[in-house]
Amino acid sequence: MTASDRRPRATRLARWLAMIPCVVALNAVVVACGSDQDATDLGLTGDAAAGQRIYSTSGCAACHGVRFQGVTGPALTGLVGKTVTFTDGTSAVVDATYLTEAIKRPQDRQTAGYTMKMPENQLSDAQIAQLVAFITALKG
Ligand code: HEC
């Protein structure tokens, strides 16, 4: 064996080793989605913590992401204060009132850039208020 064919083999091994953390991270995401459990400890308390529990048990995570990063639906992190444009060309600055309306009457308007509207839900006003407290706590 010469020195020149030893080096590529070592490089290949290094590449393999470098991939291990990625594979582990991917598994963690799959497990988190499958169990519908809250994978992220944000250290929230009160209404915001209650809202996070509702988020992870009411199917929100399926469309908005286990880390609220957005999937089929928009990212919720850092959303408050942003200007959202709707498919009808109007726009609004996201605040607690906007979030409440968006969750309470999701079919009323559609955020531009999404091919589907968010489905209706059976949440109570109290639960929606907790969700709003939670989303407001998700500072980018
Ligand atoms: C089936 C997918 C789906 C589910 C489940 C879902 N959403 Fe949505 N959501 C969307 C889509 C798509 C939009 C953007 C289109 C629209 O405005 O309807 C959206 C928009 C929103 C918005 C407004 C964001 C913006 O940028 O205008 C909020 C807030 C929100 N969702 C919160 C929630 C919460 C809280 C839950 C759980 C109770 C939830 N969503 C469940 C798909 C979903």
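How does the shell around the ligand divide by class into nonpolar, polar and charged residues? The shell has 18 nonpolar, 8 polar and 1 charged residues. Please keep in mind that this is a predicted model.

In total, 27 residues surround the ligand, and the closest are Cys60, Cys63, Gly73, Thr111 and Met118.

Now for the helix packing. Two packed helices are described by the angle between their axes and the distance between those axes. Helix α5 takes part in both pairs below.

| Helix pair | Angle | Axis distance |
|---|---|---|
| α4 (residues 96-104) and α5 (residues 125-137) | about 125 degrees | 9 Å |
| α2 (residues 46-57) and α5 | roughly 100 degrees | within 7 Å |

With α4 and α5 packed at about 125 degrees, α4 is oblique to α5. The crossing of α4 past α5 is right-handed. On the α4 side, the contact uses Ala96, Leu99, Thr100, Ile103 and Lys104; facing them in α5 are Ile128, Leu131, Val132, Ile135 and Thr136. By class, this contact of α4 with α5 has 7 nonpolar, 2 polar and 1 charged residues.

The other pair has its own geometry: α2 and α5 cross at roughly 100 degrees, so they are roughly perpendicular to each other, as angles from 65 to 115 degrees count as such. From α2, the contact draws on Asp47, Ala48, Ala50, Gly51, Gln52, Ile54 and Tyr55. From α5 come Gln127, Ala129, Gln130, Leu131, Ala133, Phe134 and Ala137. The residues of this contact divide into 9 nonpolar, 4 polar and 1 charged.

Finally, a word on confidence. The protein averages a pLDDT of 83, and 72% of the residues score at least 70. Over residues 22-38, pLDDT stays under 50, and the model has 11 contacts beyond four places in sequence for them. Where pLDDT is low, the predicted coordinates should not be read in detail.

How values were computed
Residues are numbered from 1 along each chain as its sequence is written. This is a predicted model: local features need pLDDT of at least 70, side-chain atom pairs count only at pLDDT 80 or more; totals for chains, interfaces and linings use all residues. Axes are lines fitted to C-alpha atoms, for helices over the stretch in contact, and angles run from 0 to 180 degrees between N-to-C directions. Helices (H or I, at least four residues) and strands (E, at least two) are DSSP runs, numbered from the N terminus. Angles under 35 degrees count as roughly parallel, over 145 as roughly antiparallel, 65 to 115 as roughly perpendicular and the rest as oblique. A crossing is left-handed if the near helix is turned anticlockwise from the far one by less than a right angle, and right-handed if clockwise. Two residues are in contact if their C-beta atoms, placed from the backbone, lie within 7 Å. Ala, Val, Leu, Ile, Met, Phe, Trp, Tyr, Cys and Pro count as nonpolar, Asp, Glu, Lys and Arg as charged, and the others, Gly among them, as polar. A residue is near a molecule or strand if its C-beta atom, placed from the backbone, lies within 6 Å of it. pLDDT is the predictor's confidence in each residue, from 0 to 100.
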